[in-house]
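Let's take a walk through this one together, from the overall fold down to a couple of individual side chains. Have the viewer open and follow along.

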Amino acid sequence: MRQRVVIAIALLARPRLIIADEPTTALDVTIQSQILKLMRQQIAEKGASMILITHDLAVVSEMADHITVLYCGKVVERGRTRELIETPAHPYTRGLIDSIPDTAHRHDRLRQIPGSIPDIRNLPTGCNFRDRCPRAQALCAEREPDLARQHATLWAACHFPLKPGETA
Ligand code: SF4
């Protein structure tokens, strides 16, 4: 209920842009679904736009038209939601998608991205993701990759991006 009240307060002033930072954290899935539905309805009725900040890719894929993926505070991939979810080019995005529990394979082990985020005060040379990346090569330690167009609407910062259909 508190979350609903906060959303109502945010919408009262008829903002053109709403920035929602983890709006459904700590809610169970039923309430989360109700809150997201309410936000979608209100935003559509008021003709507003929303920047949704979350670690929950399932929520993002339900709510967003475009996704931007950040790692260590930098954009590593961005594009239209469907393209990014179905054919991600950056290994970090691939890892995030693969770590979503798959209820159709309940007895499989949950997949995870190995290692942890580096200390922001002591980042590695080159690509920030290289210590955790299954595709890392020597070049990744030498030079930070630039954000470059991969296909259609998708942009990724990676020296060895995944091609559509590649899984790792
Ligand atoms: S630049 Fe290299 S280390 Fe970084 S994500 Fe791409 S392949 Fe992995």
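Helices here are DSSP runs of H or I with at least four residues, strands are runs of E with at least two, and both are numbered from the N terminus. Keep in mind as well that you're looking at a predicted model.

With that in hand, start with the whole chain. The protein chain holds 6 helices and 6 strands, and if you trace them from the N terminus on, the order reads α-β-α-β-α-β-β-α-α-α-β-β. The C-alpha trace spans about 55 × 40 × 35 Å along its principal axes. Of the 168 residues in the protein chain, 33% are buried. Now consider the contacts in the chain with a separation of 6 or more: residues 24 or more positions apart account for 50% of them.

Next, go looking for empty space inside. Rolling a probe the size of a water molecule over the atoms shows where such space is left. Searching the whole structure this way turns up 1 cavity of 30 Å³ or more, and the volume of the largest cavity comes to about 90 Å³. Its lining is made up of 14 residues, with Pro 91, Cys 127, Cys 133, Cys 140 and Cys 158 lying nearest the centre. Sorted by class, that lining has 10 nonpolar, 2 polar and 2 charged residues.

So what sits in the largest cavity? It's the ligand. Around the ligand there are 13 residues, and the ones that come nearest are Cys 127, Cys 133, Cys 140, Cys 158 and His 159.

Is Arg 94 buried or exposed? Its relative accessibility is 14%, so Arg 94 counts as buried. Leaving out residues up to four places away in sequence, Arg 94 touches Pro 88, Leu 162, Glu 166 and Thr 167.

Then move along to Asn 128, in the loop that runs between helix H5 (91-98) and helix H6 (138-142). Asn 128 has a relative accessibility of 11%, and because buried means under 20%, Asn 128 counts as buried. Which residues does Asn 128 touch, not counting those up to four places away in sequence? They are Tyr 71, Cys 72, Lys 74, Pro 118 and Leu 123.

Methods. Residues numbered from 1 in each chain as written. Predicted model: local features only at pLDDT ≥ 70, side-chain atom pairs only at ≥ 80, totals over all residues. Heavy atoms only, no water. Near = heavy atom within 4 Å. 1 Å grid on protein atoms, 1.4 Å probe; cavity = no way out; pocket = protein on both sides within 12 Å on 5 of 7 lines; lining within 4 Å. Sits in = over half its atoms within 2 Å of the grid points. Points joined across faces, edges and corners; volume = space filled by probe spheres on them. Nonpolar A, V, L, I, M, F, W, Y, C, P; charged D, E, K, R; others polar. Buried < 20%, exposed > 50% of the residue type's maximum accessible area, 1.4 Å probe, protein only. Contact = heavy atoms within 4.5 Å.
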